[in-house]
Amino acid sequence: MKIGVVTFPGTLDDRDAARAVRHAGGEAISLWHNDADLKGVDAVILPGGFSYGDYLRCGAISRFSPVMEPIIDAAKGGMPLLGICNGFQVLAEAHLIPGALTRNHELHFLCRDQKLTIENTNTAWTSSFAQGQEILIPLKNGEGAYMCDDQTLAELESEGRIIARYVGENPNGSRNLIAGITNERGNVVGLMPHPEHAIDSLTGPSADGLGFFTSVLKAMVG
Amino acid sequence: MAKIVVDVMLKPEILDPQGKAVAAALPRLGFSFAKDVRQGKRFEIEVDGDPTPAQLAEVEKAAEKLLSNPVIENFTVRVEK
């Protein structure tokens, strides 16, 4: 199972994402932002960082990179696609998922371990978890407040498309404590915290993040 | 030379923490006039000669596609002499 990990200029977490893929038993394939070639991968991860320096808006310029065209096409056809942090912002800018990520409500860049609950285990990236499972993974962002209009929020809630929520105090002002959402089909997931930094207890606060990567391998085997 | 100016602002219903921080800083400096502050972006676009209606229409399209995110922002396009 080949999982592509995209590197944009300014991406930081591509190495950890690739390591997480290998740790889960998959083959990680590096994809380059300026190359519209998916190299035959079965799924794609848009990792965290500050692509294109976060110029204009986070993810706004990356969204138009050559590699994004085949990714958007494949995702519309059902290919599993996970956007983490900056990758979540790219997904929102590409309108693959609704809403937008805006500046944290208290303006501070946050970097800490964060508890989440997994609220939808039917997506390509969350099937390894138990419904309602509490996990602990790092959160690090400056623009992580999930915003959308009331109608979109009601749809996300009623369709069970909020895949993870922050536990406890709202860290960044996200509506309804949203940490991650999925598209209607469940193949595209955007997540603000970082599962790729929590795949073993030696280097992360837990191994809870690994479930996202084992889920997609399971989804692809069918 | 005339230039095309695109102003991009967060929609009124979207929280603007940067504007709030500025609004909180003003009274600390003795400026007491501000009831509220919203912060936005301004793009100044130069073209050869005076902007034509066709160019302005193109800028409108670019503003919708790239310069703003219509989910959270509004924009205006105007010509400034």
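**View 1. Lys39(A) in its loop.** Lys39(A) belongs to the loop that joins β2 (27–32) to β3 in chain A; helices (H or I, at least four residues) and strands (E, at least two) are DSSP runs, numbered from the N terminus. The model is predicted: local features need pLDDT of at least 70, side-chain atom pairs count only at pLDDT 80 or more, and totals for chains, interfaces and linings use all residues. Residues are numbered from 1 along each chain as its sequence is written, while chains are lettered from A and ligands numbered from 1 in the order in which they are written. Lys39(A) is exposed, with 11 other C-beta atoms within 10 Å. A residue counts as buried if 20 or more other C-beta atoms lie within 10 Å of its own, as exposed if 12 or fewer, and as partly exposed in between, with C-beta atoms placed from the backbone. Although Lys39(A) is not a glycine, its phi is positive, about 50°. Most residues other than glycine have a negative phi.

**View 2. Cys85(A) and helix α3 of chain A.** Cys85(A) sits in the loop between β4 and α3 of chain A. Its phi is near 55°, a positive value in a residue other than glycine. Cys85(A) is buried, with 29 other C-beta atoms within 10 Å. Helix α3 (residues 86–93) of chain A has eight of its eight residues buried, so this helix is largely enclosed by the rest of the structure. The buried residues of α3(A) include Phe88(A), Val90(A) and Leu91(A), and also Gln89(A) and Glu93(A). Their cover includes β3 (43–46), β4 (81–84), β5 (100–102) and β11 (188–191) of chain A. Just after α3(A), His95(A) takes a positive phi of about 60°.

**View 3. Packing of helix α1 on helix α5 in chain A.** Helix α1 (residues 14–24) of chain A packs against α5(A) at an angle of about 60°, with the axes 9 Å apart. Axes are lines fitted to C-alpha atoms, for helices over the stretch in contact, and angles run from 0 to 180 degrees between N-to-C directions. The angle makes α1(A) oblique to α5(A); angles under 35 degrees count as roughly parallel, over 145 as roughly antiparallel, 65 to 115 as roughly perpendicular and the rest as oblique. On the α1(A) side the contact is made by Ala20(A), Val21(A), His23(A) and Ala24(A), and on the α5(A) side by Leu210(A), Phe213(A), Thr214(A) and Leu217(A). Two residues are in contact if their C-beta atoms, placed from the backbone, lie within 7 Å. By class, this contact has six nonpolar, two polar and no charged residues. Ala, Val, Leu, Ile, Met, Phe, Trp, Tyr, Cys and Pro count as nonpolar, Asp, Glu, Lys and Arg as charged, and the others, Gly among them, as polar. The buried residues of α1(A) include Asp14(A), Asp16(A) and Ala17(A), and the buried residues of this helix pack against β1 (2–7), β2, β3 and α5 of chain A. After α1(A) comes Gly25(A), with a positive phi near 105°.

**View 4. The largest nonpolar core.** This core has 73 residues, and those with the most contacts inside it are Val5(A), Val21(A), Val44(A) and Leu91(A). A nonpolar core is a set of buried Ala, Val, Leu, Ile, Met, Phe, Trp, Tyr and Cys residues joined through C-beta atoms within 7 Å. Helix α5 (residues 210–221) of chain A gives the most to this core, with six residues. Leaving aside neighbours within four places in sequence, Val44(A) is in contact with Gly4(A), Val6(A), Leu31(A), Ile71(A), Met79(A) and Leu81(A).

**View 5. Ala28(A) in strand β2 of chain A.** Ala28(A) is located in strand β2 of chain A and is buried, with 22 other C-beta atoms within 10 Å. Apart from neighbours within four places in sequence, Ala28(A) is in contact with Ile3(A), Val5(A), Ala18(A), Val21(A) and Arg22(A).

**View 6. Ile4(B) and the contact between the chains.** Ile4(B) lies in strand β1 (residues 3–10) of chain B. Ile4(B) is buried, with 21 other C-beta atoms within 10 Å. The C-alpha atoms of Ile4(B) and Val47(B), 43 residues apart along the chain, are separated by 7.8 Å. Between the chains, 12 residues of chain A are in contact with nine residues of chain B. The side of chain A that touches chain B has four nonpolar, four polar and four charged residues.
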